[in-house]
Amino acid sequence: MLRKIRIVLAAIFFIAITLCFLDFTGTIHAYLGWMTKIQFLPAVLALNVGVVIALVLLTLLFGRVYCSVICPMGVLQDIISGIHNRSKKARARFAFSPAKNVLRYAFLVLFVVLMVAGLAQVASLIAPYSAFGRIASNLLQPVYIGINNYFAAVAEHYDSYAFYHFDTWLKSGISLAVAVATLVVIAVLAWRNGRSYCNTVCPVGTVLGLISRFAIFRPQIDLSKCNGCTLCSRKCKASCIDAKNHKIDYSRCVACMDCVENCAQKAISFRSIIGAKPQHHEACAQDGEKADTGRRTFLTLTSLFALGSAVKAQESKVDGGLAAIAEKKVPTRSHHITPPGSRSHRNIAQHCTACQLCISACPNGVLRPSASLDRLMQPEMSYERGYCRPECNRCSQVCPTGAIRPTDLAEKTAIQIGHAVWIPENCIVNSQGVKCGNCARHCPNGAIKMMPKDENNPESPLFPVVDAARCIGCGACEYVCPSRPFSAIYVEGNSKHQEV
Amino acid sequence: MNENNNKLSRRRFFGLMGSGAAVTAATLAGCSSEKQRSVTTLPAEVPTDKMTYRTMPGTDEKVSLLGYGMMRLPEIDKEKQEEGKNHLDQEEVNRLVDYAISHGVNYFDTSPRYCKGFSEETVGIALSRHQRSEYVVATKLSNFAPETQSFEASVQMYRQSFKNLQVDYIDYYLLHSIGELENYRTRYINNGVLDFLLKEREAGRIRYLGWSFHGSKEFFDYMLNEQPVKFDFVQIQMNYKDWEHADPVTAEYMYNELTKRNIPVVIMEPLLGGGLAKVNHKVLAMFQRVNPALTPAYWAFRFCGHFPNVLTVLSGMTYMEHLQENIRTYSPLETLSDDELAMLSRAANIITEFPEIGCTHCQYCMPCPYGLNIPAIFAHYNKCINEGTFADSPQAEDYKRNRRAFLIGYDRSVPRLRQADHCVGCEICLPKCPQHINIPQEMQKIDKYVEYLKQNPND
């Protein structure tokens, strides 16, 4: 019964959190977004004291149910391990192994040191929630969007507006590679040994393990009923039941209730220790298998961009046809751009676990994982496919870690995340001698005005004049600029956001 | 900006409430298809020997009242099209041409520019399968681009038409789309091209020389009264809407002036680029009160044929169904009663009151150097006006649904990078539009409307 409840709850959490990463329409998050905000590490980073205390109390009461129900990475491993369980041979493939405490605490210490040292982007490689987020965002969302786009094509055929097409593209090769590697490592570990990542690598698991040792409710073996069959141990994916010695390592037990359910003698029950007899302890000197804890390191990949032919304003001799549109390239920005609400480069670097939920949620094709090593996979903005539209603040609403603080629409339009810079050589007013002014027309703050080149001749060609003080860095000008592949006006980020 | 937009849209919105979904969106399969509704209620049989003919003044030469415009020919599947190669469906064009000729159509009108420049060649292949006496062919000197305006380049374009059409004489040859004196002089007078064409007419290689017109009243008057050459025919834009409501010069004026001088009139845009084939519900109701089986296109063609000095009415027919319907309308033509003429005049008033953007999808503006798909943007906008689904204010009952339909439909019919927000306002398209649409201004209007919808989600 307890096991079934655990499975149902886990399924609800897992599906809901995954949906948060898949949904690009912004609807699901309104209902289920809170589930990402009760994740342990994001709550710690967001200084969400209430949530942290609640999770600590939950663990003190019932052990690491967090790892079995709330953590999507934990559930993902259960799913993978569960698939392996379908084969009869593998059904009882686990065996007790002693805790690898040195490795465990080394990972925890390393993680904390990296976070404090401002290397959150490296630390987050082993953080469970964000690693899962990267898998969902980089691997699952494109599939989800692909299916959606299929439905959109069908809907279009029937003149229905139930589904609409959404662009998906490779936002970052590195991020994709990290997601694939994480999934492979996690899958191999889970396939072979169940929860070895959770009990050896995961910093959240280790922290919660420190607490769950003292959990009030826990699975306990009734020695009077136990016939020593060791089935519980062979079925324990956390490898924490020393059946021979009738001992359970509660720092590693994820309260999955498998042992409770599987014991034919009903010798194991999940109950309170208050008033119970102490179990007898014996040291065990068994050597466990060596867990595969190796992690790959990644080299920067060079991104490939299709080179389109440049647009030429030439006279055509026949009617019809469409001019080729060269793809825009990302300009070199001396300061990268971070979304409104992230406050400063420092704030986002310290708080972001690179779960990429904001990137999954961005409807305008603006956010993408950074390829730069000092903020690897953390979100940054660029305006080749769209710009930071005035009616949208989704990234600030979905962020669970406080890296992007909630920002309402009025507030957002007054935050200067960067400022536009004009490059005269690229501007078609100069290079092609035509009228333009598209940047000025689309500036939401009126920061760009078209002014005559010749002060004394109002009829002379107009060029854009940027009032950097009024510019908020939304990138509308950069997006609509006809100059390709590099826009003639682009946004330089502010390392600390300002108010206009 | 928003206020303006609101005012405009509210008027349209209330005016079009309830007009409707009856018009199914025709897929764009032709060069750009002239959208007509196909009819199933007219007699199924298409007569082969009842076509109404007009006579070229001073001769006994018969021209079918229905002329075949070769500007919107069917295309092969998009996937099979290759850049720079003929994208037209020759087999289907042959079928259409054969059918037209066997049902009495004998006037075929093309140009070196039509269908990305492939129309003449395709039409030549289709027509050369018939006796030369079975058809008359019209083509044009389409020297719009500056590099084609020299004497040599223009003559080369003229000679190429003979090769493409596989003929040794051209029946009707036109100065293509003149409308302004300076431009006319550059293209035809100063370079000696008109003198050359007159000699060709004397030599019999051009049987009739004329001009097609999109321009100012002053220049129209100049062509009729001041310039010395005697032209044999003139091609004008005429339909029941442009008869009284055309800017800068009405069809009524042009037709009457030409008739006074006994110059036969060739009609183009009888459907205003398909616009009159899918009219709003008020007009539709007006037509159906007379006879529910008759389509808006039927009325439009009957109007044009009604005038006796009209030599032929050109229609760019992409689909067999359109060809059949138009053949029926003119086999034979029934002239209009005074009541019917009055009804069409009222219809024209209503259409003028709720203006679509008068784009006829002729593609003359294309390709836009900045990649916009101008006709597709207008088509989507017009569709929403026509169907009465203009999303007015967020308080309106069906705002949410109309907003979603407009925005999703916009992305479906025009890729993002080719939408109105990418119009830079360079105005290169301005002189190219024969309908004198201020394209950049309309683009900015549509962009503002889109922005308004995007920024007011109402949820």
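Which residues of chain A make a nonpolar surface patch of about 710 Å²?

## Surface patch on chain A

In this predicted model, the patch is made by V143(A), I147(A), Y150(A), F151(A), V154(A), Y158(A) and F163(A). Its area is about 710 Å².

F163(A) lies in the loop between α10 (128-157) and α11 (173-193) of chain A. The relative accessible area of F163(A) is 33%, so this residue is partly exposed. Patch residues need over 30% relative accessible area, and F163(A), at 33%, is one of the residues that make the patch.

## Interface between chains A and B

The contact between the two chains involves 38 residues of chain A and 45 residues of chain B. The size of an interface is often given as the accessible area lost when the parts come together. For chain A and chain B, the buried area is about 3,600 Å², with 52% of it on carbon and sulfur atoms.

Two salt bridges are counted between chain A and chain B. K435(A) forms a salt bridge with E427(B), in which the closest N and O atoms are 3.1 Å apart.

## Confidence

For the complex, the predictor gives an ipTM of 0.77 and a pTM of 0.67. Chain B has a mean pLDDT of 87, and 90% of its residues reach 70 or more.

Where pLDDT is low, the predicted coordinates should not be read in detail.

Terms used
Residues are numbered from 1 along each chain as its sequence is written. Chains are lettered from A and ligands numbered from 1 in the order in which they are written. This is a predicted model: local features need pLDDT of at least 70, side-chain atom pairs count only at pLDDT 80 or more; totals for chains, interfaces and linings use all residues. Side-chain values use heavy atoms; hydrogens and water are left out. Patches are made of residues with over 30% relative accessible area and no salt bridge: like charges are joined within 9 Å, nonpolar side chains (Val, Leu, Ile, Met, Phe, Trp, Tyr) within 5 Å. Accessible areas come from the Shrake-Rupley method with a 1.4 Å probe; for residues, only the protein chains shown count as cover. A salt bridge is a side-chain nitrogen of Lys or Arg within 4 Å of a carboxyl oxygen of Asp or Glu. Helices (H or I, at least four residues) and strands (E, at least two) are DSSP runs, numbered from the N terminus. Buried means under 20% relative accessible area, exposed over 50%, partly exposed in between (1.4 Å probe, protein chains only). pLDDT is the predictor's confidence in each residue, from 0 to 100. Contact means heavy atoms within 4.5 Å. Buried area is the accessible area (1.4 Å probe) that two parts lose on being put together, summed over both.
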